[in-house]
Amino acid sequence: MSTRRRSVISHGFNRPQSRASIISLYSIAYDEDKHRKLSRVFSAIFVHKKIDIYHVLERQEGTRTLAYHLFVFALTLVSLVFGSILTIDEWRPTLDAPLYYGELGLFVFFACELLLRIWSAGGVLKYRTWVGRLIFISRPSIILDILTLFGFTISLATGLKTREFPSLTLKFLPPLQMIRFLRVDRQLSSWKILKGIIVTHRQELTVTLVIAFMFLITGSYLLYVAETPIDPTLNKGNFKSIADTMWFSIITVMFT
C-alpha cells in the first residue's frame, strides 16, 4: 500500500474522533453554562427568601409582618398575664408548672427567632459579610434580646429540677416578661409617635403639668389642715405630714 493511500485511510479514521471530541467539548461547555444559570437562579431565589424573612422579622409593613407581630404580641401578653397571676398565693400551686413549661417554650421560640434574625440579615447588603453580621448583632435591640434570653436562661435553670419557678425567681420574672413584651415594637414606632406628640405640643403639656402640680400641692395642704389636729399627740390617723397627704392625692388621682 502506498504512503499516500495510508495517509488518506488514517486521515479518514481519525476524522470521526476529532468530531466526537469537538461535540463532547461543546456539550461539557453547555452543561457547565446550564449549571451556572441554575445556580444563579437558585441563589437569587435563596437571597430573595432571606430578604423576605428579614423584612417579616425586622420591619412592620405588610400583612404577613402584621400577622406575625400580632402573634408574638399575643404570646408575650399571655405570658405577662400568667406571670402576674402567679404572684397570687392561691393560684401558684395550679399555674406554676404550666407557666414554667410555657416560658420554656417561649425561650426556645425566641432563641430560634434571634438566630433566624442574624441569619436573614445576610440578605441586606450592609450585613452580608461577617463584619456586617457583627454590626447587626451590636444593635441595641439585638443586645437587649440577648440579655433577655440570658435572664430567662438563669430563671429557667433555677427550676430545672422541680419544673417550677422558686419564690425568689418569681420576683424577678415579671420585669423580664415586661421587657419581652415591650420588645415587640422593634422599630419603636409607638415611642416615635409619642415623641412627636410631645415635641409638637410641648408648650401645652408644660402648662398642664405646672397647673396639675399646683393643684396637687394645694389639695395636699388643705387635706393636711383638715385631717391633722392642732395637737400632734392626738393624731392617730394616716395623715401625719404633707408628704402623706400628697401621696394619698397622687394615688387617688392615678386610680380614679
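Predicted model: local features only at pLDDT ≥ 70, side-chain atom pairs only at ≥ 80, totals over all residues.
Helix 3 and helix 6 are oblique to each other, because their axes meet at an angle of about 45 degrees. The chain has an average pLDDT of 76, and 73% of its residues score at least 70.

**Helix 3 with helix 6**
- Helix 6 covers residues 167-182, and its axis lies 13 Å from that of helix 3.
- The crossing of this pair is left-handed.
- Helix 3 brings Arg92, Leu99, Glu103, Leu106 and Phe110 to the contact, while helix 6 brings Ser167, Leu170, Leu173, Gln177 and Arg180.
- Sorted by class, these residues are 5 nonpolar, 2 polar and 3 charged.

**Helix 3 with helix 5**
- Helix 3 spans residues 92-120 and helix 5 spans residues 140-158; the two pack at about 150 degrees, with axes 10 Å apart.
- That angle makes helix 3 roughly antiparallel to helix 5.
- Here, too, you will find a left-handed crossing.
- From helix 3, Tyr100, Glu103, Leu104, Phe107, Phe110, Ala111, Leu114 and Arg117 take part; they meet Ile142, Asp145, Ile146, Leu149, Phe152, Thr153 and Leu156 of helix 5.
- This contact has 11 nonpolar residues, 1 polar residue and 3 charged ones.

**Helix 3 with helix 2**
- Helix 2, residues 63-85, crosses helix 3 at roughly 150 degrees, and the axes come within 11 Å.
- Helix 2 is therefore roughly antiparallel to helix 3.
- Their crossing is left-handed.
- On the helix 2 side, the contact involves Tyr68, Phe71, Val72, Leu75, Thr76, Ser79, Phe82, Gly83 and Ile85; on the helix 3 side are Leu95, Leu99, Glu103, Leu106, Phe109, Phe110 and Glu113.
- The class count is 11 nonpolar, 3 polar and 2 charged.

**Annotated transmembrane regions**
- An unreviewed UniProt entry annotates residues 66-88, 100-120, 141-159 and 205-226 as "transmembrane region".
- Residues 66-88 are 87% helix and 0% strand, with 34 Å between the end C-alpha atoms.
- Residues 205-226 are 100% helix and 0% strand, and their end C-alpha atoms are 31 Å apart.

**Where to take care**
- Over residues 1-20, pLDDT stays under 50.
- For that stretch, the model has 2 contacts beyond four places in sequence.

Note on methods: Residues numbered from 1 in each chain as written. Heavy atoms only, no water. UniProt positions renumbered as here; feature names shortened; annotations may be inferred. Helix = DSSP H or I, 4+ residues; strand = E, 2+ residues; numbered from the N terminus. pLDDT = per-residue confidence, 0-100. Contact = heavy atoms within 4.5 Å. Axes fitted to C-alpha atoms, helices over the stretch in contact; angles between N-to-C directions. Parallel < 35°, antiparallel > 145°, perpendicular 65-115°, else oblique. Left-handed = near helix turned anticlockwise from the far one by under 90°. Nonpolar A, V, L, I, M, F, W, Y, C, P; charged D, E, K, R; others polar.
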